[in-house]
Amino acid sequence: MTALTWPQELAIRSALALTVVAFLLGLFSVMTYIERRLLAFMQFRLGPNRTGPLGLFQPVADGIKLFFKEEFVPQAANRWAFIAAPAVAITTALMAVAVIPYGGAVTMPRFDLLPEWLRGRPIPLQIAHLDVGVLYLFAVSTLGVYGIVLAGWSANNKWSLIGALRSSAQMFSYELALGLSWVGPILLAESLRIEDIVACQAGGIHRWNAIIQLPAFMIYLFAATAEVGRLPFDLPEAEAELVAGFHTEYASMKFALLQMAEYVNMITVSVLATDFFLGGWHAPLVSLQSAAGVNLGLLWFGGKTGALLFLFIWLRGTLPRLRYDQLMRFGWKVLVPAAVMHILGTAAVILWLTR
Amino acid sequence: MAETILFYALAITAFSAAFAVVLQKSALGSAFALIVVLCSLSAIYGLLGSPILATLQIVIYAGAVMVLFLFVIMLLDVRREKGGGGPRSFVPLALLFAGLLVLQVGAVLVGSELVPQSAPFDGSAKAFARRLFSQDYVYVFEATSVLIVAALAGALALARRRR
């Protein structure tokens, strides 16, 4: 097989990127429906069930409503920053998916429609193969603060500003624990490439990092929930105290973009948990990896991610909100030291085993 | 070819954003222009073949340092600068040093080629870590971290409420 020229490479990567982004945005609208229905069932309600069969057209109706709402910018707001903030938020949220692998290589079928160089070529399901994939993720997640800070500050509203401040302080604190919880899997895989970390968990459930790195997995789940600002860590929005936090003044599509960024972050965080701790697209038993000669990797991957997304909704339906000082204390005095201890322990065990 | 075009696009972005940092009247605008400068510099590092330096640039400068800057600007509510800024008596001195800087950069530019090229090197994270933790740099690296911890402890001691 000949090597690809750079326009061909670019075409493949762009097609992959477009597919992923389109899929994510579609999943976002479906998720809003699923979340409302599931929450309703957990609280013995019905949720939206009037629009179309089972209420399935509710996201479409919501979308149309948001599109036709009046565009409104508060008079005292910093106009440009107010408009730019949702764009910044969604851009930084979508940037993270560039380095996330979501399946092994897929061999292109030998259709006549496809150009010669594409037929039968295995294409890894990952947009960019970065040598420093994990670091890139960390960099992008730190940039995510800007969208929220801008949105909260530019609206010139005290609730927005307090929401933005809380949010950025929270993201700052929990990013640390989030990053530290990745170090264990990195040490085990001896690589900063996410595809290597997935590959190192192949061969059954006993090799998954959720099992051998259980403390790191727990820390990751706590930190990730706080990072995306979901209950019980949704202090930035705390509707009882702050109206709606940093997006108080937003309406119409700008509001939808902020909401979209939040959901994309939640999906990204679940996908990352799947890749880092739940073995990615590998089946829990090697014999379950393929059925009738078809590799079920994508199905496993989707199933694990879906289970994690369900967990996030479940948490929201179950737990009360923390107080702000409790949140900060938990982040700095429990999660960060625990993560550091866990890294030291992992490193010591690796040293002892490879002595 | 594509790399040269990208390099010049990034260089021009960084340069114009750097001008915006200085010329911008609102402090927040300056801060955001500085973020653009840092991001384009990071992209140039990536183009030169060092992805780890590129990402570290984002994590540390754009991600951590600039967020703190923004915090300070927003919380202190720095208003738009009025008038021409600082005292006029600095202007001749400033011009002198700017002239020196232009001369120096010009001297470097005269002898260089228009198509930038870096010497081939191993830009992977492993190679980077080996250099950083080898005899060459490990003492400097550790000394820097001690310095940072000392500065942190100092800041805490100064900011602590006296009982």
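**Group meeting presentation: a predicted two-chain complex**

Of the 355 residues of chain A, 43% count as buried; a residue is buried if 20 or more other C-beta atoms, placed from the backbone, lie within 10 Å of its own, exposed if 12 or fewer, and partly exposed in between.

Good morning, colleagues. Before I continue, a word on conventions. Residues are numbered from 1 along each chain as its sequence is written, and chains are lettered from A and ligands numbered from 1 in the order in which they are written. This is a predicted model, in which local features need a pLDDT of at least 70 and side-chain atom pairs count only at pLDDT 80 or more, while totals for chains, interfaces and linings use all residues.

The pLDDT is the predictor's confidence in each residue, from 0 to 100. Chain A has a mean pLDDT of 83, with 96% of its residues at 70 or more. Chain B also averages 83, and 89% of its residues score at least 70. For the complex, the predictor gives an ipTM of 0.76 and a pTM of 0.84.

Next, the overall form of chain A. Its secondary structure consists of 12 helices and four strands; here helices (H or I, at least four residues) and strands (E, at least two) are DSSP runs, numbered from the N terminus. Chain A has a radius of gyration of 21 Å, close to the 20 Å that the globule rule gives for 355 residues, so it is as compact as a globular protein of that length. That radius is taken over C-alpha atoms, and the rule is 2.2 Å times the number of residues to the power 0.38. The C-alpha trace of chain A spans about 60 × 55 × 45 Å along its principal axes.

Two residues are in contact if their C-beta atoms, placed from the backbone, lie within 7 Å.

Let us now look inside. The largest nonpolar core holds 108 residues, and those touching the most other members are A:Ala89, A:Val134, A:Leu135, A:Ala151, A:Tyr220, A:Ala223 and A:Ala273. Such a core is a set of buried Ala, Val, Leu, Ile, Met, Phe, Trp, Tyr and Cys residues joined through C-beta atoms within 7 Å. Leaving out residues up to four places away in sequence, A:Ala89 touches A:Gly147, A:Ile148, A:Ala151, A:Leu257, A:Leu258 and A:Ala261.

Helix α10 of chain A, residues 252–277, deserves a separate mention. Its 26 residues reach 38 Å from the first C-alpha to the last, close to the 38 Å expected at 1.5 Å a residue; the expected span is 1.5 Å times one less than the number of residues. This helix α10 is mostly covered, with 22 of its 26 residues buried. Just after α10, A:Gly279 takes a positive phi of about 75°.

Two individual residues follow. A:Ala177 is found in helix α5 (residues 158–189) of chain A and counts as buried, with 25 C-beta neighbours inside 10 Å. Although A:Ala177 and A:Trp332 are 155 residues apart in sequence, their C-alpha atoms are 8.4 Å apart in space. A:Phe301, in helix α11 (residues 297–318), is also buried, having 24 C-beta neighbours inside 10 Å. Beyond four places in sequence, A:Phe301 contacts A:Tyr102, A:Gly103, A:Thr274, A:Gly280 and A:Trp281.

There is also a backbone feature to note. Most residues other than glycine have a negative phi.

Finally, chain B. It has six helices and zero strands, and 17% of its 163 residues count as buried. How many residues of chain B are in contact with chain A? There are 13, and they meet 14 residues of chain A. The largest share of that side of chain B, 11 residues, comes from helix α3 (residues 51–76) of chain B. By type, the side divides into 10 nonpolar, three polar and no charged residues. Here Ala, Val, Leu, Ile, Met, Phe, Trp, Tyr, Cys and Pro count as nonpolar, Asp, Glu, Lys and Arg as charged, and the others, Gly among them, as polar.

Thank you for your attention.
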